[in-house]
Amino acid sequence: ERIILRLKPNKEKELYAYLNEQGYETTHDAFQGGKVSLLVHLSGTVLLVIAAMILILSLFVYALSMQLTVQRNKEEIYQPILLGYKPFHLWRSYSLFQSISALLIYISSTVVIYKLTQLSTKILKNNFIELPVISQTSTMGIAFAVTVLFTLIISLNTYRLIRKLGISGTV
């Protein structure tokens with residue numbers, strides 16, 4: 001014989017513990033866990049793809065904005081070069097600005113991601129299933145490495161533009 005029970009998410013843990021104590025078999029764990037797991041993985045994949053697209057587009061916008069900054073300040077950069085300053089010295093101020101802004105963006109995004117992960121894990125735990133605690137250290141390490149790499153690439157591109165401006169007078 002079978003009985004089908006439909007319960008609210010907060011009440012099911014106690015009932016299933018009681019049914020297991022009494023020796024009744026339940027198929028709830030396998031079915032519910034699979035359904036929630038599929039939903040979590042599917043929504044996670046979609047969010048990851050969207051986040052990757054936004055990240056790539058934002059990196060292009062950042063690179064273009066730095067190039068535009070150099071072009072817009074062409075006269076202010078070229079005058080000190082004519083006075084004998086090396087392009088490297090002018091590049092340091094741009095590089096410092098890029099490094100500080102990248103560090104601030106990394107710290108703020110790390111805090112937001114940590115808080116959102118904590119909140120979503122708590123909501124899933126209270127309403128659906130308990131998920132194992134996932135370490136975010138490796139993910140944040142990868143994000144930091146990507147941030148440093150991209151900042152270095154943009155910084156070298158800025159140096160190239162300043163040097164080209166110093167040699168030819170145009171960007």
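This note goes through the predicted model point by point, from the overall make-up of the chain to single residues.

1. Overall make-up. The model is a prediction, and the chain contains 5 helices and 0 strands. Read from the N terminus, the order of elements is α-α-α-α-α. Of the 171 residues, 19% count as buried. The chain exposes about 13,400 Å², and carbon and sulfur atoms account for 68% of that area. Where contacts in the chain join residues at least 6 apart in sequence, 74% of them link residues at least 24 apart.

2. Helix H5, length. H5 covers residues 137–168, which is 32 residues. Just after H5, Gly169 adopts a positive phi of about 90°.

3. Helix H5, burial. The buried residues of this helix include Met140, Phe150, Thr151, Ile154 and Ser155. Thr158, Leu161, Ile162 and Leu165 are buried in H5 as well. Several of these positions can be read against the helical repeat. An α-helix has 3.6 residues a turn, so residues three or four places apart point the same way.

4. The C-alpha atoms of Ile167 and Pro87 are separated by 9.3 Å, although the two residues are 80 apart along the chain. Val148 is another residue of H5; its relative accessible area is 43%, so Val148 is partly exposed.

5. Aromatic pairs, Phe88 and Trp91. The model has 4 aromatic pairs. In one of them, the ring centres of Phe88 and Trp91 are 5.4 Å apart and the planes are at 40°, so this pair is tilted. Both residues lie in helix H4 (residues 87–127), 3 residues apart, or about one turn of the helix. Phe88 is partly exposed at 38% relative accessible area, whereas Trp91 counts as buried at 15%. Phe88 and Trp91 form one aromatic cluster together with Tyr159.

6. Aromatic pairs, Tyr106 and Phe144. How far apart are the ring centres of Tyr106 and Phe144, and what is the angle of their planes? The centres are 5.2 Å apart and the planes are at 65°, so the pair is edge-to-face; the cut-off for that class is over 60 degrees. This pair connects distant parts of the chain, since Tyr106 is in helix H4 and Phe144 is in helix H5, 38 residues apart. Tyr106 is buried, with a relative accessible area of 15%. Phe144, at 40%, counts as partly exposed.

7. H4 and H5 are the elements that give two or more residues to the patch. The most comes from H4, with 3 residues.

Conventions:
Residues numbered from 1 in each chain as written. Predicted model: local features only at pLDDT ≥ 70, side-chain atom pairs only at ≥ 80, totals over all residues. Heavy atoms only, no water. Helix = DSSP H or I, 4+ residues; strand = E, 2+ residues; numbered from the N terminus. Expected span 1.5 Å × (residues − 1). Buried < 20%, exposed > 50% of the residue type's maximum accessible area, 1.4 Å probe, protein only. Phe/Tyr/Trp six-rings, centres within 6.5 Å; stacked < 30°, edge-to-face > 60°. Contact = heavy atoms within 4.5 Å. Areas by Shrake-Rupley, 256 points an atom, 1.4 Å probe, with all protein chains shown as cover.
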